[in-house]
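This report describes a protein model and what surrounds its ligands. Please look at the sequence and the structure before reading on.

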Amino acid sequence: MKIIDAKVIVCSPGRNFVTLKIVTDEGVYGIGDATLNGREKSVVSYLQDYVVPALIGKDPHRIEDIWQFFYRGAYWRRGPVGMTALAAVDVALWDIKGKVAGLPLYQLLGGRSRDRIMTYTHANGRCMESTLDAVGKAIDEGYKAVRIQSGIPGMASTYGVAKDGHKYEPADADLPSESVWSTEKYLTFMPELFDAVRSKYGDDVHLLHDVHHRLTPIEAARLGKELEPFKLFWLEDCVPAENQESFRLIREHTTTPLAVGEVFNSIHDCRELIQNQYIDYIRSTIAHAGGITQVRRIADFASLFNVRTGFHGATDLSPVCMGAALHFDYWVPNFGIQEHMPHSLEMESVFTFDYTFEKGFFTPGEAPGHGVDIDEKLASKYPYKRAALPVNRLEDGTLWNW
Ligand code: CS2
Ligand code: MG
């Protein structure tokens, strides 16, 4: 079997997506998600100018060798753009292998380890009351786990809170919009917020929160400690994780479980975090961490240190990534939880998939491969429009982590 073509499909059904379609000489094709929010065209160029020409003629069954060719052979290894491009190739090849074998992807990985996949959704509001209402709505929809983000008194806006009446979409302008952040106001409000949620909804629902890289280690230690009474499922991205050692200080102060990794693209980004058990959940996702081939290595390594998976699953990861992630979640022994920000009907119209959601849990389909496809004709009706992620400044104007 040989690869005879590879197409990069860029579309924007409500938001930008990049999809790689690899076609073989036997008519079987596979697709992978190559979406990197705010940097889509960089991945398009990396694929079109450097990866696709070298793919033509290769045997699509040689997934590992092709992975090594575009990782070890790239010279300029790692980085979000190259690893997102490699991830798309990898997922498309696993899709082809499943189709040729006539097996759903989870069977190729080792069969299912569970009956269903627990997922969490987002609840957010501009104030405590509207956030509490959003939590209640998520619980009514059957979710057993809810991520909570709220507007902060004294701040005009903050991460994770949708503009009135809209779904939350961070890439909200042609050029980066600017927001203002106050750690002091945030740290004062968070314990009040989670106290109110627990008081209203009790202890049964899992609560998660994304700090989104905005604290220093000692601030994160304080927040983790102050949130302990509210028994979070996890506190996510509490500090930027380039310095993995900074998590030791947080770990020494709090038992609140920690999750990190959606911005990682290599096992080396999380090796110390995992082997020192500084974290409880690794979030590196198939679309940005080099595909199934590398994420499987990360998950296996994490299993040695009691670290579980908690894949990133925001709307800027397409249904292709979601489909592949659910097959992986079905198999991976050290599964933790799967994020799910529902895609809009417009987004879902371009992608067909056979995974299903019921009462807080997902199940992948039984179609060979990952079960997701793209309607190229319909996709072409939604042209790309540049959309940048925001930047964040402290109240004194200092450029801070968004
Ligand atoms: C967030 C993401 O879902 C999450 O945990 O961190 O929504 C993140 O802000 C976006 O994926 C950035 O593109
Ligand atoms: Mg996050």
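An oxygen atom of ligand 1 lies 2.8 Å from an N or O atom in the side chain of His212. Taken alone, ligand 1 exposes 340 Å², and the protein buries 96% of that; such areas come from the Shrake-Rupley method with a 1.4 Å probe, and for residues only the protein chains shown count as cover. The model is predicted, so local features need pLDDT of at least 70 and side-chain atom pairs count only at pLDDT 80 or more, while totals for chains, interfaces and linings use all residues. Residues are numbered from 1 along each chain as its sequence is written, chains are lettered from A and ligands numbered from 1 in the order in which they are written, and side-chain values use heavy atoms, without hydrogens and water.

| Side chain | Distance to an oxygen atom of ligand 1 |
|---|---|
| His212 | 2.8 Å |
| Glu236 | 2.9 Å |
| Glu339 | 2.5 Å |

Which residues come nearest to ligand 1? Of the 15 residues around it, these are Asn37, Tyr159, His212, Glu262 and Glu339; a residue is near a molecule if one of its heavy atoms lies within 4 Å of it. By class, the shell around ligand 1 has 4 nonpolar, 4 polar and 7 charged residues. Here Ala, Val, Leu, Ile, Met, Phe, Trp, Tyr, Cys and Pro count as nonpolar, Asp, Glu, Lys and Arg as charged, and the others, Gly among them, as polar.

Ligand 2 is a magnesium ion, coordinated by Asp210 (OD), Glu236 (OE) and Glu262 (OE) at 2.0 to 2.2 Å. Donors are N, O and S atoms within 2.8 Å of the metal (3.2 Å for Na, K and Ca), and sites may look incomplete because water is not among the atoms. Along the chain the donors follow the spacing D-x25-E-x25-E. Glu236 lies in strand S8 (residues 234-236) and Glu262 in the loop between strand S9 (258-260) and helix H9 (271-275), so the pair ties together parts 26 residues apart in sequence. Helices (H or I, at least four residues) and strands (E, at least two) are DSSP runs numbered from the N terminus. Glu236 counts as buried because its relative accessibility is 0%, and Glu262 counts as buried at 12%. Buried means under 20% relative accessible area, exposed over 50%, and partly exposed in between (1.4 Å probe, protein chains only).

Next comes helix H3. H3 (residues 80-101) has 22 residues and reaches 31 Å from its first C-alpha to its last, close to the 32 Å expected at 1.5 Å a residue; the expected span is 1.5 Å times one less than the number of residues. Of the 22 residues of H3, 16 are buried. Just after H3, Gly102 takes a positive phi of about 70°.

Arg78 lies in the loop between helix H2 (63-71) and H3. Arg78 has a positive phi of about 65° although it is not a glycine, and its relative accessible area of 35% makes it partly exposed. Lys231, found in the loop between helix H7 (217-227) and S8, is not a glycine but has a positive phi of about 45°.

Two further residues are buried. Asp33, in strand S3 (residues 29-33), has a relative accessible area of 3% and is buried. Thr183, in helix H6 (residues 183-201), is buried at 6%.

Technical notes
A polar contact is a pair of N or O atoms within 3.5 Å; within protein, one must be able to donate a hydrogen and the other to accept it, and residues adjacent in sequence count only if both atoms are side-chain atoms.
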